[in-house]
Each structure stands twice: as structure tokens, then as C-alpha cells.
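My notes follow in the order I took them.

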Amino acid sequence: MNSQSLDKVVSVSNLVRLIRRMDEYELWKRAVFVRDRFTCQNCGARNGRKRIIEADHKVSITILVKENKVNSVESARNCKALWDINNGRTLCHTCHEQTESYPTRFVQNKLR
Ligand SMILES: [Zn+2]
């Protein structure tokens, strides 16, 4: 196996952090919100004073980074899978928090 060394540049978790700060990430988020009409896809809450909506990657960024061998911000920018709005959904903060404590669900979705 020809393994590109990911740890040469930055660790996956550091890269995920960097990706979340990219302009592309902001654009992706906005596109997901617009498609979902700023409504939580889990509980139906709308963006407002009480609820804050967030965009969730159905297949997590961490998995996408590993699968696509993304090893830099530049390669993240060119990775179409990361910016596919079909992989995004709008969740309110409360629902989003719940998904993050169950990361295995994302893995199961991916395998389907
Ligand atoms: Zn919700």
C-alpha cells in the first residue's frame, strides 16, 4: 500500500480544525442552511433567538479527510466530497450536540 504520510504535514484533528475556518466551509454552511430553509432537520426548530442552527456533515469531516487522503488546506479545498451539500444538513445546536456524542452513526450511514 502506498501510504501518503498524513502526519507529515498536520494531524487529522488539526486539519479538521483548519477546514472549519476556511471560507469554503462558510459557503458550504450557508448553502446547506438555504436549502433547508434555516430549519433544524431533526426537530424542526427554526433559526431564531432561542435556537441557533448549525450545519452538520452527515459523513464527518474527519472521515472524509481520511478517505480522500486530504493532507493540507490546499488539498481540502480541492476535495469535492468535503463541499458536497448533499452531505450536509441543518441542525439546531441542541440536536447537533447529540449527534456528536454518537459518532458511530455517521460511520453506519456511510456504509449503507
Ligand atoms: Zn433540533
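**Arginine 37.** I started with arginine 37. Arginine 37 counts as exposed because 9 other C-beta atoms lie within 10 Å. The cut-offs I used: buried means 20 or more other C-beta atoms within 10 Å of the residue's own, exposed means 12 or fewer, and partly exposed is in between, with C-beta atoms placed from the backbone. Arginine 37 lies in the loop between H2 and S1. I checked its backbone too. Phi is near 55°, a positive value in a residue other than glycine. The residue comes just after H2.

**Ground rules.** I noted that this is a predicted model: local features need pLDDT of at least 70, side-chain atom pairs count only at pLDDT 80 or more, and totals for chains, interfaces and linings use all residues. Residues are numbered from 1 along each chain as its sequence is written.

**Lysine 69.** I looked up another positive phi. Lysine 69 has phi near 55° and is not a glycine. I found lysine 69 in the loop between H3 and H4. Lysine 69 counts as exposed because it has 11 C-beta neighbours inside 10 Å.

**Overall layout.** I listed the elements next. The protein chain has six helices and two strands. Helices (H or I, at least four residues) and strands (E, at least two) are DSSP runs, numbered from the N terminus. From the N terminus on, the order is α-α-β-α-α-β-α-α. Of the 112 residues, 19% count as buried. I also checked contacts, meaning pairs whose C-beta atoms, placed from the backbone, lie within 7 Å. Among contacts between residues at least 6 apart in sequence, 78% join residues at least 24 apart.

**Helix H2.** I took the span of H2. Its 13 residues reach 19 Å from first C-alpha to last, close to the 18 Å expected at 1.5 Å a residue. The expected span is 1.5 Å times one less than the number of residues.

**Phenylalanine 38.** I moved on to phenylalanine 38, in the loop between H2 and S1. Phenylalanine 38 counts as partly exposed because 15 other C-beta atoms lie within 10 Å. Leaving aside neighbours within four places in sequence, phenylalanine 38 is in contact with Phe33, Arg46, Asn47, Ile53 and Thr90. I took one distance here. Phenylalanine 38 and isoleucine 53 are 15 residues apart in sequence and 7.0 Å apart, C-alpha to C-alpha.

**The strand pair.** In which sense do S1 and S2 pair? Strand S1 (residues 53-57) and S2 pair in the antiparallel sense over five bridges. I count two strands as paired if DSSP finds at least two bridges between them. Isoleucine 53 has cysteine 92 as its bridge partner in S2.

I then checked cover on strand S2 (residues 88-92), where five of five residues are buried. In a regular strand the side chains alternate between the two faces of the sheet. Both faces of S2 are covered: Gly88, Thr90 and Cys92 on one side, Arg89 and Leu91 on the other.

**The cores.** Which residues make up the largest nonpolar core? I found eight: Leu15, Ile19, Ile61, Leu64, Val65, Val70, Ala76 and Leu82. Helix H1 (12-19) and helix H3 (61-67) each give two or more residues to this core. H3 provides the largest share, three residues. A second, separate core has six residues, including Ile53, Leu91, Cys92 and Cys95. By nonpolar core I mean a set of buried Ala, Val, Leu, Ile, Met, Phe, Trp, Tyr and Cys residues joined through C-beta atoms within 7 Å.

Not counting residues up to four places away in sequence, valine 70 touches Leu15, Val65, Ser75, Ala76 and Cys79.

**Cysteine 79.** I followed that last contact. Cysteine 79 is in the loop between helix H4 (73-77) and S2. Buried or partly exposed? Cysteine 79 counts as partly exposed because it has 19 C-beta neighbours inside 10 Å. Beyond four places in sequence, cysteine 79 is in contact with Leu64, Asn68 and Val70.

**Confidence.** The chain mean is 85, and 80% of its residues reach 70 or more. Confidence is highest in helix H2 (residues 23-35), at 97, and lowest in helix H6 (residues 104-111), at a mean of 48. Over residues 102-108 the pLDDT is below 50. Beyond near neighbours in sequence, that stretch has six contacts in the model.

How values were computed:
Contact = placed C-beta atoms within 7 Å. pLDDT = per-residue confidence, 0-100.
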